[in-house]
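Please keep the sequence and the model in view while reading.

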Amino acid sequence: MSDDLRLPRGLTVHTKTTQFDGGVDMTQCRASVSGGDRWGFHQCTRKGTVDERGMLWCRQHAPSTVAAKNAAQAAKEKAEREKRNARYERDHTRTAVADTALRYFRQQATHDELEAAVNAYAAALDAVAAAQKG
Ligand SMILES: [Zn+2]
């Protein structure tokens, strides 16, 4: 239940008033925002049209919208991380194949070891292809 009441990351309710602020307008979006030509944080100036968590929000700051945006951003970062990891693994196994091949020709590695290195490289290439798709 308390999880439902917690606002998504990046969203804060405007509650505080400052000497420059007329107070909280209950008909406006309740998000606390910064920027524009005003100093510090202030209440979002848009009209509150979405009723969530017992407060009104503009469409951009509705907790459900912010949560969905956060989730989309997290998914995007996860996909980029997996792509990067797959490429790193591919480069690492390619070097391992070259190293094993060199040792094989010096008769310091077995045929099975070389085959295992090549198979690992092929699997790494497949993982890169899968990460590109995702
Ligand atoms: Zn707003």
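In this predicted model, the largest nonpolar core is made up of six residues, namely Leu-11, Cys-29, Ala-31, Leu-56, Trp-57 and Ala-62. One of these core members, Trp-57, touches Cys-29, Arg-30, Ala-31, Gly-48, Val-50, Glu-52 and Ala-62 when residues up to four places away in sequence are left out of the count.

**Overall architecture**

- The protein chain has three helices and four strands, and read along the sequence these elements follow the pattern α-β-β-β-β-α-α.
- Of the 134 residues in the protein chain, 14% are buried.
- Among contacts in the protein chain with a separation of 6 or more, 40% are accounted for by residues 24 or more positions apart.

**Helix α2**

- Helix α2 runs over residues 63-105, and because its 43 residues should span 63 Å at 1.5 Å a residue, the 63 Å between its end C-alpha atoms agrees with that expectation.
- The buried residues in α2 include Pro-63 and Ala-86, and also Arg-90, Thr-93 and Thr-100.
- What covers the buried residues of α2 includes the strand β3 (50-52) as well as the helix α3 (111-133).

**Helix α3 and Ala-117**

- Helix α3 has 23 residues and reaches 33 Å from its first C-alpha to its last, which is close to the 33 Å expected at 1.5 Å a residue.
- The buried residues of α3 are Ala-117, Tyr-121 and Ala-124, and what covers them includes α2.
- Ala-117, which lies in helix α3, counts as buried because 22 other C-beta atoms lie within 10 Å, where the cut-off for burial is 20 or more.
- Leaving aside residues up to four places away in sequence, Ala-117 touches Ala-96, Val-97 and Thr-100, and Thr-100 is itself one of the buried residues in α2.
- Ala-117 and Ala-101 are 16 residues apart in sequence, and their C-alpha atoms are 8.8 Å apart in space.

**How α2 and α3 pack**

- Two packed helices are described by the angle between their axes together with the distance between those axes.
- For α2 and α3, the axes come within 8 Å and cross at roughly 160 degrees; α2 is therefore roughly antiparallel to α3, since angles over 145 degrees count as such.
- The crossing in which α2 passes α3 is left-handed.

**Loop residues with positive phi**

- Which value does phi take in Arg-53? Phi of Arg-53 is near 55 degrees, a positive value in a residue other than glycine; Arg-53 is found in the loop between β3 and β4 (55-57), and it counts as partly exposed because it has 15 C-beta neighbours inside 10 Å.

Note on methods:
Residues numbered from 1 in each chain as written. Predicted model: local features only at pLDDT ≥ 70, side-chain atom pairs only at ≥ 80, totals over all residues. Helix = DSSP H or I, 4+ residues; strand = E, 2+ residues; numbered from the N terminus. Expected span 1.5 Å × (residues − 1). Buried ≥ 20, exposed ≤ 12 C-beta atoms within 10 Å, placed from the backbone. Contact = placed C-beta atoms within 7 Å. Core = buried A, V, L, I, M, F, W, Y, C linked by C-beta atoms within 7 Å. Axes fitted to C-alpha atoms, helices over the stretch in contact; angles between N-to-C directions. Parallel < 35°, antiparallel > 145°, perpendicular 65-115°, else oblique. Left-handed = near helix turned anticlockwise from the far one by under 90°.
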